[in-house]
Amino acid sequence: MTFSFPILTILTFLPVLGMIVTAFVPKENIKMMRTITVAVTALQIVFAVILWMNFNTTLGGINDPKSFQFIERFSWIRLSGLPIFGNIAIDYSMGIDGLSVTMVLLTALISFVGAIASFSIAKQVKGYFLMYLLLVTGMMGVFVSLDFFLFYIFWELMLLPMYFLIGIWGGPRREYAAIKFFIYTLFGSIFMLLVMIGLNLTTVIKIGDAQFHTFDLLAMMNPSNHLAGSIFQGAMTTWRYVGYLALFVGFAIKIPMFPFHTWLPDAHVEAPTAISVILAGVLLKMGTYGILRICYGIFPEIAVATSQYMVIFGFINIVYGAFCAMAQKDLKKLIAYSSVSHMGYVLLGMASLNSQGLAGAVFQMFNHGTITAMLFLTVGVLYDQAHTRGLNEFGGLANKMPKYFALVVICYFASLGLPGFSGFISEAFVFLGAFQTFQFWTILSTLGIILTAAYMLWALQRMFLGNLPERWNNLVDINGRELVSLVPLAVIIIFFGIYPSPILNLMTTSMNQLADFVQKAAPHAVQAAQLVK
Amino acid sequence: MPRLYETVYRDIKVYMHLLELPSAVLSIGDLVSYSMKNFMPETILTVGFLLAIVLDLLIRDRSYKKITGYFALVVLGYVFYASLVQMTWYPDKAGVNWIGGNAIFPYSETLPKPVPSEIPGVLAAPYAMVSVDNFAVIFKLIISLAGMLVIGMSLVSREVKERGRRNGEFFSLLLAMTLGMFLMTESMDLIMMYISLELVSITSYIMAGFMKDDSRSTEASMKYVLFGAFSSGLMIYGFSILYGLTGTTNVNAICAILERQIVLGGGANMVALWSAVILALAGMGYKISAAPFHFWTPDVYEGAPIPVTALLSVASKAAGFGLLMRFLIFAIPSNGQTMQPYLNWPIVIAVLSAFTMTLGNFAALRQSNVKRLLAYSTIAHAGYMMAGLVTIAAGQKMIGVSTGPSDAGIVSILIYLIAYLFMNLGAFYVVMLIANKIGSEEVEDYKGFAKRSPLLAVSLSLFLVSLTGIPLTVGFVGKFYIFVAILKQPQWIWLAVVLGVNSVVSLYYYVRIMQAMFIKEADPARVTALTESDVHPDGTLRYSLLSRAYIFAFLVPTVFFGIYFSPLVDLTRNAIRFFDVR
């Protein structure tokens, strides 16, 4: 579908425009900078909604270039000349399908919420908002790119702002947390770069009369574009396993999948509230999005062959994350580990490789984004006043802060997957899908639901019930600005809990197509396995 | 000697290709006038060097001594132009059938006539002292550009300015060093290689010890002399073995004769050949500061004035790579069928490369002095470029000459050198500006620097990010192409992995500088400025408009080529088109 104006480019680069404007605002005019950031992110929501309204849900996308929507494609770098070197084509290519439109909506929403939560930042405000806006561009760009090179650039573009946002505006151990985040992610992305180049050397398309090595993701997904004898050509080859695993590790670090998860609690605890929101709400989703879009799209047969291991990691994430969360005394750390646990459901759904499981996974990505954002915001509300997050230091807050308590109950219950909240629907889909493929691990994983209920309710009990300690007598209830960021999320969580069709409809066709596409590649896996025997 | 060459001509069918020379027999006068015409940039440099000395003598007033600097800048600018003119521009379409390059100072006055049918492609200037081909020209462009940028740096350097009386010798030596580096990249003869390397070395010893009143600078110079003398001694020993094996000092002739010995003559003395090549590598490895010949680097880079450090780290390294590549490509024969060199030097370079980058990066992790840290980082970068060098062996068989380099490897090194030119010089420039005002290069003293001069802090961070190789900076483009070159040859994938892990390690120490500038609070006891007048009332440092604007000479290319790098690739590809024989 073509659109009269380049809406994806606008969505992506609007924050850069905001950066340029912010750069000219005098240092003292904090209000102005806040307004610009909120306005930019609000505009992003408007454009995202326009996108949603005009999105054709009957088109699948995934590996079919024709059914992508809002496509923008310009040639960016064309290198031709020596045949030994090969011609290289890098495109500025954007487009969305059912998978990415969900993430675009989530990104726009969370960026806006994060912008409002950023009002509590007091030092070096200008630098903060410049970095924040750059981060938003990076996130949006990742979800709309259809060219691997462009994807990689946006992927790396987020690193630096995130490093500074945690490092400058974070908590006491911010330097350690920031560098840990940076190094973990760069480690993953270097191997992604190697695989990307390998794929580029493998994939050849015809542009005009000449053969070009391309970075086009959709061309890479089509085995007929693969050059005979090149590194990733064929099916079930060792190199394809290596390539898949290298990419997978790069994305798994971002999810974060056990055993690569250790950066997450540190980063979350030290990051300012708004950045925790962004981190949990959007950044973690890039990992799973990358696996769905790139690992599954380009190496489908390896995905089928390795899904039995992926489900184990999903299980470990769910249960291990839940146990870790239970042991925490710091509320933010608890939520960080609950993120690890909840991303495990996404892994579980993805490993199932059928349309229910995949749809559940993507919906869980969306829901985890909204619910965890809300969880972190509620922590921020309390921390701004009390300057501590120790679970055991509070008690009886329910009477002291009734409005706050009501919102907290919504997000805690949504997080533990109570029916009526959006988290329930996605988890149900995940289990429905996963049960068809891996009964054993799915049954074990349901343990996670019980554990989640345990740590969430226990935390709720310790903080909000019982007697209020003397020292918290001066706490006041939630203020208007905080309500503005929390209430929309609560509405969304409840709305999609009762009526999930608007979001599910967006992605159903795409998920069907993805499941279909991956399963079609599976016979190769079977054949190769038989040959080995 | 002519008889030997005639045999070689007949056997191996290597032809001198001098299109502009009409007849087979030439007079000495013809040869000299022809050679001098193509020797323009070097001649300008020589004359400029002499004039700079005279100019320095004529200027009495110490405050006007820096006029020599402007003079040197003009000379280098003209040299840059004269080199640019020497570049042969090939049309965009493939199918080049003529090989560029001009032989300069051929040995023999008897030149065989080119036979068109037998020249689908022949390397130019087979038997001459110097060859001006595109490969040399691109290096000359890089070197003279680095020279110009460094002169600009020197003009605002406190360390150079404070020694105003000796400014004249500083800039004239810089011209002499440039001349040496030019010759290094274009020499086709072992003797020429050695002489040009020594010319560069001796001038750099003097320049490293330019601040002779500073004990660190003197120590640096002394160490440099000792290591340099030792390494070049090893190299000339290796060259002498090569001469003993082949009876000639010309690299093309060496290649041809070695090939004949190996293929036809029932084997060459491989032990002697290996020792010759390893010994020669010692001298060249020292110039590019590859481990284990890197020991001088940290001390010299720390002790020398920053502009000299910058010049050594970029131009001298580029020239070293030019020499090394020319030697490996031209002197060592390779098998016509498998394209593998008879002497398996790539594995040596690969191991050295992995060793160099790992050592450089891990040593840099522990440094507290920024100059020393950047010194170790340049060792690591030499390792990255050597990884590209590994891949040039398996290229394509060229008719008439038995080695064929892989153009992906050479292009990647050239792109990396250009990227490195901007980002590394930029980093050194900002470090110099900071040292100008606070008189220190310790990471500790960088704490809270972002508040004292935001522009400097931001631009230094960008250079460091580029050195790490993060996208949208030119450093990423360089690293990207090295990865491309390596991944084209799957047997070297382990090297790509080592390189990748090393990039992550390098991030840690680059980020430490950014961390000090942006995240750490300034230590009130240590925040100093050399003079009170350098500090604005609000605590920011005072920099002249010119010195601030000059940052953009480095910053703009670093970012621009990071986003749009086609020009870089086109330029470097054109530079090595003459290797291509289709």
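A: A residue is called buried if 20 or more other C-beta atoms lie within 10 Å of its own, exposed if 12 or fewer do, and partly exposed in between, the C-beta atoms being placed from the backbone. The model is predicted, so local features need pLDDT of at least 70 and side-chain atom pairs count only at pLDDT 80 or more, while totals for chains, interfaces and linings use all residues. Residues are numbered from 1 along each chain as its sequence is written, and chains are lettered from A and ligands numbered from 1 in the order in which they are written.

Helices (H or I, at least four residues) and strands (E, at least two) are DSSP runs, numbered from the N terminus. In chain A, four strands form an open sheet in the order E1-E2-E4-E3, and their pairing is mixed; two strands pair if DSSP finds at least two bridges between them. The edges are strand E1(A), residues 69-79, and strand E3(A), residues 204-207, each of which pairs on one side only. From one strand to the next, the twist averages 40 degrees.

E1(A) and E2(A) run antiparallel and are joined by eight bridges, and within this pairing Ile77(A) stands opposite Ile90(A) of E2(A). Strand E2(A), residues 88-96, runs parallel to strand E4(A), residues 210-214, with two bridges between them; Ala89(A) has Thr214(A) of E4(A) as its bridge partner. Because eight of the nine residues of E2(A) are buried, this strand is largely enclosed by the rest of the structure.

Phe212(A) counts as buried because 24 other C-beta atoms lie within 10 Å. Two residues are in contact if their C-beta atoms, placed from the backbone, lie within 7 Å. Leaving aside neighbours within four places in sequence, Phe212(A) is in contact with Asn87(A), Ile88(A), Ala89(A), Val204(A), Ile205(A) and Ile207(A). Although Phe212(A) and Leu79(A) are 133 residues apart along the chain, their C-alpha atoms are separated by 8.6 Å.

Next come the two helices. Helix H3(A), residues 98-117, and helix H4(A), residues 125-144, have axes that come within 9 Å and cross at roughly 170 degrees. This makes H3(A) roughly antiparallel to H4(A), since angles over 145 degrees count as roughly antiparallel, under 35 as roughly parallel, 65 to 115 as roughly perpendicular and the rest as oblique. Ser100(A), Met103(A), Val104(A), Thr107(A) and Ser111(A) make the contact from H3(A), while Val136(A), Met139(A), Met140(A), Phe143(A) and Val144(A) make it from H4(A). By class, these residues divide into seven nonpolar, three polar and no charged, where Ala, Val, Leu, Ile, Met, Phe, Trp, Tyr, Cys and Pro count as nonpolar, Asp, Glu, Lys and Arg as charged, and the others, Gly among them, as polar. The axes are lines fitted to C-alpha atoms, for helices over the stretch in contact, and the angles run from 0 to 180 degrees between N-to-C directions.

The loop between H3 and H4 of chain A holds Gln124(A). With phi near 45 degrees, Gln124(A) has a positive value in a residue other than glycine. Gln124(A) counts as partly exposed because it has 17 C-beta neighbours inside 10 Å. Most residues other than glycine have a negative phi, and most peptide bonds are trans.

A nonpolar core is a set of buried Ala, Val, Leu, Ile, Met, Phe, Trp, Tyr and Cys residues joined through C-beta atoms within 7 Å. The largest such core has 411 residues, of which Val104(A), Cys295(A) and Ala146(B) touch the most other members. Helix H16 of chain B, residues 407-438, gives the most to this core, with 25 residues. Cys295(A), for its part, touches Tyr244(A), Leu247(A), Phe248(A), Phe251(A) and Ala303(A), not counting residues up to four places away in sequence.
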